[in-house]
Amino acid sequence: MKIPDEFSSTSIYMTSFILPLLEETHAELLSNMTNLSKAPICQIKSVKPTNCFKPPQDFFYELFIFEKKGGGHKDESYMPTVGDLIAITNNPPKCIDDLNISNYVIAYVYKMKGISAYYSVSVLSSKPILSEGKKCSTVFAVHLTNLTTNIRIWRSLKGELEGTNMKILDKVLQLHSSDLDTCLKCNFDKVLTLDNVVSSSFGDLNVSQSKAILSCIKLVKCHHQNNVSLIWGPPGTGKTTTTSLMLYSLLKYMCRTLTCAPTNVAVVEVTKRLLQLVKKDALRNCYGLGDVVLFGNAVKMNISNDHSELQDVFLQHRVRVLRKSLGGWKNNLESMTSFLEHPRKLYNQYLKTEILKKEAADIKRLQENLYRSKDMIKIVNDSSETFLPWTLEEFVCKRFRSMQEQLTSSLMNMSKHLPTSIISKEVVLNMFRAIDLLNSLIAFLGVENGGIINKVFYNSEDNESDIMMRSDIKECIKVLKLLPVNFSVAGTIIEFCLSNACLVFCTVSSSVQLHVKEMSPIEILVVDEAAMLKECESTIPLQLPGIRHTILVGDEKQLPAVVQSKICEKAEFGRSLFERLVKLGHRKHLLNMQHRMHPSISLFPNIEFYGSQIVNGRIVKGISYNRRFLPEKMYESYSFIDVPMGREEFGDNHSRRNLVEVSIVYELVKKLHQGMYVVIVFFKGIFKGRFQLYNGLVIKVRVGVISPYKDQVCAIEDKVKMVSLSEGFEVNVRSVDGFQGGEEDIIIISTVRSNSNGFIGFLSDPRRANVALTRARHCLWILGNGTTLLNSDSVWEKLIIDAKKRGCFYNVQDDISLLSNDSTVDLSQSFSSLNI
């Protein structure tokens, strides 16, 4: 049964997703079970029941698992994580039947911890594990699926989350309410003045972007009702730029905002954009970063490698830094102040301590050598002769360097990671001044320099350099005494960081971690890529305590959430809240200027999917955007290349492929790489060359290859690897789903389907076509069987007609070089009918 468009109550609304969620979970598990031979696996060292073990139902165990390097099985690279559903079996399975033969046990992982050479996971199993209490040299854990997100959705639908807030959900369930973002009580004149606060950030925005941002920012002042705003961002219209500037504006108003998205990739991208804006305005690129926090899975977000710049706002890193800095802050501050004020006093204390240490060592040595009475005096005398404490200069030099390093590190970390609500600008400026003074003093106090310590601290002679140094020391002491000795941190450091941040970023699923009593309320919720998010999943952040307004950013004309179950697909389980509200007629703020595609590329999608509402930005209409990478006419900015001799077939993954198109893609990539003829038109003239630009600059050319079928993607990837790519030339081969949100200089689309009856399957989905057709910046070349697509009664039929009308339809034999290849496919049979 289809999920309704309208609901009469929140209980009916929540209940309508329960059965589809169960069905989809089952479908996801079944899909993974069909590929068991490729499933991640690890070896179990031993098994023991936990304290919660209470048969005949509660089979709680702790599994001790070898580290990746310790298992011995060739496929052992898997370490179970919380939420994993695993099969415990004696032999690695290659299919479902293998599991049945081995009498497997299903277990859910609910806890994990590391223990030296191996680590353990706590699981709830479906039945007793036979090997409990024994070493398991031949027992394995096989990953089946991860249930974390679905369990979180289940808890949200069942009302099991902490601090449930139904205000926004009540708002979106109001029947026939088309103005979800309008408040008649707000003073419109006051709203207009908001532009003055953030106008400095709007320099490069077009009118539609500015209006969309201002319409959302005015929600900050509205406390009369709960609102839902929709920002519609077609491809290339600067959706992420608009979202990041909107968040930057909300940060200026110190409006506590949660920004989430369905995927880690989307969350990381919008956080990076926002962070760039914050750092530009931050004191020394750091003060204010404490108001921004990103949390989630560091591995999946690739924080350590590709996105290392996000370390400054990543929660796990911030907690480690603050735990260390706050723990030693008072001691570091007071020790440095005391050191600069009374170095001689501290030196004398050091001498006394060293003498006491020496005497204690002598007594111990004396006791150890009592049986050597004749040598005892000599030994004691020898140890006395080796006692050489530091001189005053050595003491000052070594101690200052150590203390300076610790304190400056704490000062920088505190100014960077503490929220502005906890540490004021005045305090931070004093911190920066202290850092500068300490760094200047290191040149004198941090080196042993022939009596300079006595001269600076104790000599009254008026040497100019000594006077300046004394002045710097006094100034440093004064500044250090202005700094607070303690900072108020309530609760754990994790709770402190999350509760005091102004902008919080995470995936939609991870927002469940904000459903805790101790959390400060969120005022505004922003959901990026909202049209890719299942509506049932969006209920997790929508119920967060305190949310007054919600802003959904997306494009329902592009791909929705992935759904495995055919039953759920028919029920529209993958439909987003964004799409449902649009369907009901709710108003959208359209971003109507695209800055990505050459006008000849954007023309068809604009007409077909967006009713010609999108205009081309100045940059894409400029002469410099008209790039030619190959000289033939068929390789201009937009073309359809007919491949009538292609043959579709099923590959290894039960997906379709077309090896003729694979070969042609390979030849195109090779042609681009080896014989590229770049024509770049600049305002100053025209330059022709390979990979080079005048004035010695290098052109980086990025080629994307898109196909809707997994086996075609795999076949093209394997084939393209045969081309030895030069630096500056990159090729990315991905599915349509994998390319959503991406863009490249050149896009080659392989449509695969080639048959006489016009059957093209899920290729006919207009949203899938929209994504594929809108990824290119300068050139889009589409490969396919023109006759098949023309007879498909789909958007591709319209595309073929449009290409022919515009003179952009070509035959593959128009470029004979594409038919000369050394591929593993014997094209001679396919081409024989063409008499080439």
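Tutor: The open sheet has six strands, in the order β22-β21-β23-β24-β16-β25, and the pairing is parallel. Strands here are DSSP runs of E with at least two residues, helices are runs of H or I with at least four, and both are numbered from the N terminus. Two strands pair if DSSP finds at least two bridges between them. The edges are β22 (729-735) and β25 (809-811), each pairing on one side only. From one strand to the next, the twist averages 20°.

A word on the source. This is a predicted model, in which local features need pLDDT of at least 70 and side-chain atom pairs count only at pLDDT 80 or more, while totals for chains, interfaces and linings use all residues. Residues are numbered from 1 along each chain as its sequence is written, and side-chain values use heavy atoms, with hydrogens and water left out.

Strand β16 (residues 638-642) runs parallel to β25, and three bridges join them.

Helix α25 (residues 659-674) lies across β21 (701-707), β22, β23 (744-750) and β24 (776-784). The direction of α25 is at about 145° to β24. Helix α26 (residues 710-720) also packs on the sheet. α26 touches β21, β22 and β23, and makes about 160° with the direction of β22. Contact means heavy atoms within 4.5 Å. Axes are lines fitted to C-alpha atoms, for helices over the stretch in contact, and angles run from 0 to 180 degrees between N-to-C directions.

Of the 836 residues, 52% count as buried; buried means under 20% relative accessible area, exposed over 50%, and partly exposed in between, with a 1.4 Å probe and protein chains only. Among contacts between residues at least 6 apart in sequence, 78% join residues at least 24 apart.

Among the buried residues of α8 are A212, I213 and C216. Helix α9 (residues 239-252) is mostly covered too, with twelve of its 14 residues buried. M254 follows α9 and has a positive phi, near 55°. In helix α16 (residues 425-445) sits L445, which is buried at a relative accessible area of 1%.
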